[in-house]
Amino acid sequence: MFKVAWLVGLLTLAGLAPASAQTRAYFDEEAQALQCAAYFSYTSLVLERRGLITQRRAQEGALQATTILGRHVSGTYSQKRKAFVAVLSQLPRAEGDLIEESIRYYNWCSERFLG
């Protein structure tokens, strides 16, 4: 589904730092959950900024992302936050590409992590 090999390297949080208590790697379902949460969160922000959804709908996207992180990603708040920020930084830079990718994964993410 997702670029798992790419995510493994990414989610070791830059991949170059040695493992420590604050560094954590996420694999498989947790890596997918992080990716889905990032799509929900950032795409909602972009769509609101473009005037395509209301602020309330954007907040719902952020809430869905938080729900996914809380239910499907283990670790401390700090570990989850670092991983989430790392995933966000790897989303497509062009808003059109981000929206297109998000649409591609929306149903799968919803069914897998919110259903």
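Biologist: Which helix is F84 found in?
Modeller: Happy to start there. This is a predicted model, where local features need pLDDT of at least 70, side-chain atom pairs count only at pLDDT 80 or more, and totals for chains, interfaces and linings use all residues. Residues are numbered from 1 along each chain as its sequence is written, and side-chain values use heavy atoms, leaving out hydrogens and water. With helices taken as DSSP runs (H or I, at least four residues) numbered from the N terminus, F84 is found in helix α4.

Biologist: Is F84 buried or exposed?
Modeller: Buried means under 20% relative accessible area, exposed over 50%, and partly exposed in between (1.4 Å probe, protein chains only). F84 has a relative accessible area of 14%, so the residue is buried.

Biologist: Within what arc do the buried residues of α4 fall?
Modeller: The buried residues of α4 are Q79, K80, A83, F84, A86 and V87. The arc is taken over the directions from the helix axis to the C-beta atoms. Seen down that axis, these residues line one face of the helix, because they fall within an arc of 160 degrees.

Biologist: How are α2 and α5 oriented to each other?
Modeller: Axes are lines fitted to C-alpha atoms, for helices over the stretch in contact, and angles run from 0 to 180 degrees between N-to-C directions. Helix α2 (residues 28-49) and helix α5 (residues 95-114) pack at about 130 degrees, with their axes 8 Å apart. Angles under 35 degrees count as roughly parallel, over 145 as roughly antiparallel, 65 to 115 as roughly perpendicular and the rest as oblique. The two helices, α2 and α5, are therefore oblique.
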